[in-house]
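Please look over the sequence and the 3D view before reading the points.

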Amino acid sequence: MNRQLQAFWCLLALLFLALLFHLLSPVLMPFVVSAVLAYLGDPIADRLEERGMGRSAAVVLVFFVFTLLGAILLLITLPLLLEQTQLLVQRLNDAFVWVQHTGLPAARAYLDLPEQSNTVDSAKKVISENWDAAGGVFVYLWQKVSGSSMAVLTWLANITLVPVVTFYLLRDWDVLIEKLRVLLPRRIERRTVSIAKECDEILGAFALGQLMVMCCLGAVYTVGLWMLGLDLALVLGLAAGLASIVPYLGFIFGIVAAGLAAFFQFDSLLPLLGVAAVFGVGQLLESLFLTPTLVGDKIGLHPVMVIFAIMAGGQLFGFLGVLLALPVAAVIKVMVSHLHEYYRASEWYAESEPEPVEYLSDNE
């Protein structure tokens with residue numbers, strides 16, 4: 001089998017795997033989350049093994065520590081998040097009331113637009129005149145609610161499945177990696193293992209660094225908004241910290257959401273300066289200290305490419321694609337760098353153009 005045919009079958013296999021991954025993406029979420037947790041926990045288990053602990057005991061210890069930390073974090077943050085979520089719903093309702101009774105009349109008066117009837121009263125009148133259609137809408141909404149109930153049950157089942165799959169993957173992680181290595185063709189095994197180790201180093205350093213950056217920014221935003229007296233400090237600070245996985249998204253989302261929350265809570269423009277200061281300090285810390293120190297140039301992707309990778313992953317594979325966008329982009333970057341080196345060393349790149357032939361004229 002020649003090289004061209006081998007490349008064709010490899011490309012066909014990759015396309016088939018991508019299609020299969022796309023079709024199975026709704027059920028892959030717990031397995032991907034479990035694989036990520038096992039990937040993060042394997043180095044710790046390996047270090048415990050090096051100190052004389054058995055693999056099963058090391059995995060049990062790592063699994064217990066992960067579970068304990070997750071439970072403590074959930075018990076601390078969940079009540080606060082539920083309370084702040086209820087407060088957020090109340091604030092949104094207050095905002096809608098303000099827009100209806102204050103914002104729209106002021107805008108109509110400023111733009112000299114004619115007065116209109118109350119939007120709520122108009123909606124009630126339309127519904128009363130078209131009750132049959134409204135009943136059909138209610139039936140449709142009930143069907144959606146029933147479907148969402150099944151989605152909630154599926155989500156709970158996936159959450160229950162994650163710890164089980166994580167435990168078994170973490171226990172057999174080294175065995176699975178070794179079996180994959182044995183399956184590689186011998187002539188490309190050394191090169192493939194070298195590339196895989198390079199990808200592993202980049203992914204490990206980036207994942208840990210980016211997680212620490214997000215946690216630090218979430219803490220900075222939450223503490224800063226709490227010092228300003230903002231009621232939604234926790235939920236907005238954590239949301240802005242999580243959104244910081246995309247360059248500048250956490251800053252933009254946080255300053256807009258916190259600015260609106262501060263405006264409706266304090267009914268003044270002065271707290272907006274405090275919100276701008278909090279997120280300005282957070283952005284400076286991220287740009288000058290956190291990202292250079294904790295992440296550095298681990299992936300080396302341009303911010304525009306990071307945004308494109310996350311959007312492309314979400315478009316192709318949904319939320320699962322968003323989670324995997326940056327790791328996949330890091331692996332692709334490593335592959336492209338090696339392909340570039342191979343291309344620069346190939347005869348096709350090094351071959352020089354033939355010297356032009358000079359023909360002598362008859363007079364010479």
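How many residues does helix H7 have, and what distance does H7 reach from its first C-alpha to its last? The model is predicted. In it, H7 covers residues 186-227, which makes 42 residues, and its end-to-end C-alpha distance is 61 Å, close to the 62 Å expected at 1.5 Å a residue.

**Helix H7 and what follows**
- Tyrosine 221 belongs to the largest nonpolar core.
- Beyond its neighbours within four places in sequence, tyrosine 221 is in contact with residues including Gly237, Ala240, Phe251, Val278 and Phe279.

**Largest nonpolar core**
- This core has 18 residues, and those touching the most other members are Tyr221, Leu225, Leu230, Leu236, Ala258, Val275 and Phe279.
- Two or more residues come from each of H7, helix H8 (233-243), helix H9 (249-266) and helix H10 (270-295).

**Aromatic pairs**
- Four aromatic pairs turn up in a search of the whole structure.
- In one of them, the ring centres of phenylalanine 63 and phenylalanine 167 are 5.7 Å apart, and the pair is edge-to-face because the planes meet at 80°, over the cut-off of 60 degrees.
- Phenylalanine 63 sits in helix H3 (residues 55-111) and phenylalanine 167 in helix H5 (residues 131-171), so their pairing ties together parts 104 residues apart in sequence.
- Phenylalanine 63 has a relative accessible area of 23% and is partly exposed; phenylalanine 167, at 23%, also counts as partly exposed.

Conventions: Residues are numbered from 1 along each chain as its sequence is written. This is a predicted model: local features need pLDDT of at least 70, side-chain atom pairs count only at pLDDT 80 or more; totals for chains, interfaces and linings use all residues. Side-chain values use heavy atoms; hydrogens and water are left out. Helices (H or I, at least four residues) and strands (E, at least two) are DSSP runs, numbered from the N terminus. The expected span of a helix is 1.5 Å times one less than its number of residues. Rings of Phe, Tyr and Trp (its six-membered ring) pair if their centres lie within 6.5 Å; planes under 30 degrees apart count as stacked, over 60 as edge-to-face and the rest as tilted. Buried means under 20% relative accessible area, exposed over 50%, partly exposed in between (1.4 Å probe, protein chains only). A nonpolar core is a set of buried Ala, Val, Leu, Ile, Met, Phe, Trp, Tyr and Cys residues joined through side-chain atoms within 4.5 Å. Contact means heavy atoms within 4.5 Å.
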